[in-house]
Amino acid sequence: MKNMKKLFLLWMFALVSVASWATVPPLHVDGRYFKDDAGRIVNLHGFAQTFSPWFNERGTKWNNYDVEGCLSYNKGIIDRILATGWKMDFVRQHMDPYWSNNPTKASEWESQHGGYYPENEIYAFEMTRFKTYLEKVFVPMAEYAISKGLYVVMRPPGVCPDVIRTGDAYQQYLISVWDVVSRNAVLKNNPGILFELANEPISIVDANGKKAGTDEMARYIQPVVDIIRQNGCDNILLIPGLGWQAQYAGFAATPVTGGNIGYAVHCYPGWYNGNHGDNNVEINYADFKKGWEEQITPCSNFAPIVVTEMDWAPAKYDASWGKAYTGTAGGNGFGANFKRLADESGNVSWLLFTEGHHLAAFKDQAPSNGQYTFLTDPEACPWACYHWYQDYAMQRQNGVVPQVTSVNLARTSITMTPGSILSMPLTATTADGLVLDVAGDAEYTVSNPAVLMMNGGTLVGRSEGETDIEVRYTDPQGTLHTYQVHVIVSFFPLTADGFNPSIWETGTFNPSTGNLHTGQWGFGGWWYTNGIDLSSYRYIVARLNRTQSCGASFRLFDENNYWAGASENDFGSRTELVLDLHNLTKTNGAKIDPSHLYIVGFWTNGSGDVSIKEVFVSDDGKTRATGIEPLLMTGETPPSAARGIYDLQGRRINSTVSLAPGLYIIDGRKTLVK
């Protein structure tokens, strides 16, 4: 009887769990899209909730760890938002540290530090409390949202420290939190629940304490993904980027693995095209698009994106985090241009981070007296998004497929650096004038994969050389479009698309003459997203066409930070610098690590041009060391006297002795060692 009773209870529990999923179609990641179980592309639009008294109308609605008060208030917010006519289909729910922090320990920290206990601190976190309120608050709220037809994105308690490091206490904290969450019987494998693994990482350092990039962030978050998958939990996971969740390009080269992976982005006025501030941020579409294409498009080309924080309104209302205007798509303003970029990407889900009680009070009625408020002003996010959400819902209901009128590949010749990341400039224009980014929907064949990798529609430079890419795109109407693209990968290209004259201050560069004119105290050159490894080379050589008179110096940075300090090498009256890569030091005396170079280029005082002839790596300090040439692969035994041996990452190997089987570049020829 005992076993029968146990089986009955398990059966009933399974029915309850399945019922909690029943109102939203299961979602999964398929390529760069979220898709439902019928194979339809799904882009979500929603809002956010935070379960703490302060973020629930400044503590006026419930307090003192009142579970029922919290549940009643936040369930009511969901009901009221939906009752107003908002066409929401997901909610981001913050498992706020209000519940998991031990109040005594928080007070102890405040006494020791003489300040308010910060959200990025985990000193007071207590796993027992987290487990208790996961069951009492967070799981019930997730179930309630799903019962109302909303997918749920769950966010861990608090925010990341200002600087994180692989193996630190915060990484262990994230692992422990998600270990518990991914074992929960209601949440585990619930296809209506997505996990956003961390909130707003800012900076990360490597094992040596030097500022690093997205590749290090991938290493940091991978163990968190691994523990979830080891628990047999296959929920969709959303990966955060650095820079307060604004930096994502590098994930194309080092994606997080584990299946069912998307990326969680934050986007406020000025984050991709200016400065985020307390006053209204002026934004134009061209600059916004440029910043978005540099950081988000390389990631959206191969994985779905969810913007889990975003809002805006004129500063005078003091009712939103972002201070800007809706504006006009393609012109000036934030909101309309954000929507356009999301729509052009084709796989971006997004929400309003405006507090829920504002959205719940919305009425679709323009003011009769012309006196706008936060909720009725078309230049603020609620009014605009309410109507946009309705449009999205209507399009979903009608199964709208964009009518493509033309397809365009902007360039058929591309120059890039090893380790750099670019998006294939492939777009499709629709009948209503929208220019869709369809690079992630095309198929690619790379003739020389030792030189270049394609991740979806994103190009990742591997090592010096040249390659051709065959591009095949079938539009929604079934028409096949084919193109050929030639790519040159070089460490130091002096081309319009390979050289950045404005790494610091605005500069200009003429690729036909090699003339660089920086802004005052400016810097131009090459910034490598995930760094480059030049440790297998002895020298780096920089040559000018003529003597300079603008204080020019050639500088190398081994941290992903322009202000971190560099090896500074003045030209003076010389036109050539031959630098020993293994004996360069910064101005503070620290030695440069040539295996992790992030920025290389030229500083000037801005008073005149520096005319660049060439920059190259060398084994003898005189001639260019060439790693890879675009020749055919041969199945040969490597010659014992080979002069140059490279692996597929472009790293030099000193000897053919005991060379492991695989593909190598030996004396400029791709060679298969058996």
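Guide: Let's begin with a term: a charge sits over a ring if NZ of Lys or CZ of Arg is within 6 Å of the ring centre and within 35 degrees of the ring normal. Here, Arg-129 lies over the face of Tyr-65, at 5.1 Å from the ring centre. The charged end of Arg-340 is likewise placed over the ring of Tyr-285, 4.5 Å from its centre.

Visitor: Thanks! What kind of model is this, and how should I read the numbering?

Guide: This is a predicted model, where local features need pLDDT of at least 70 and side-chain atom pairs count only at pLDDT 80 or more, while totals for chains, interfaces and linings use all residues. Residues are numbered from 1 along each chain as its sequence is written, and side-chain values use heavy atoms, with hydrogens and water left out.

Visitor: How many helices and strands does the protein chain have?

Guide: Helices (H or I, at least four residues) and strands (E, at least two) are DSSP runs, numbered from the N terminus. The protein chain has 13 helices and 36 strands.

Visitor: How do I read two packed helices?

Guide: Two packed helices are described by the angle between their axes and the distance between the axes. Axes are lines fitted to C-alpha atoms, for helices over the stretch in contact, and angles run from 0 to 180 degrees between N-to-C directions. Take helix H9 (residues 285–295) and helix H11 (residues 335–345): their axes are 10 Å apart, at an angle of about 45°. H9 is therefore oblique to H11 (under 35 degrees is roughly parallel, over 145 roughly antiparallel, 65 to 115 roughly perpendicular, and the rest oblique).

Visitor: Which residues make the contact?

Guide: Contact means heavy atoms within 4.5 Å. From H9, the residues include Tyr-285 and Trp-292, and from H11 they include Arg-340 and Leu-341.

Visitor: And how many aromatic pairs are there?

Guide: Rings of Phe, Tyr and Trp (its six-membered ring) pair if their centres lie within 6.5 Å; planes under 30 degrees apart are stacked, over 60 edge-to-face, and the rest tilted. The structure holds 50 aromatic pairs. In one of them, the rings of Trp-350 and Tyr-392 are edge-to-face because their planes are at 80°, with centres 6.2 Å apart. This pair links distant parts of the chain, with Trp-350 in strand E12 (residues 348–352) and Tyr-392 in helix H13 (residues 381–398), 42 residues apart.

Visitor: Are Trp-350 and Tyr-392 buried or exposed?

Guide: Buried means under 20% relative accessible area, exposed over 50%, and partly exposed in between (1.4 Å probe, protein chains only). Both Trp-350 and Tyr-392 are buried. Across the protein chain, buried residues make up 56% of the 674 residues.
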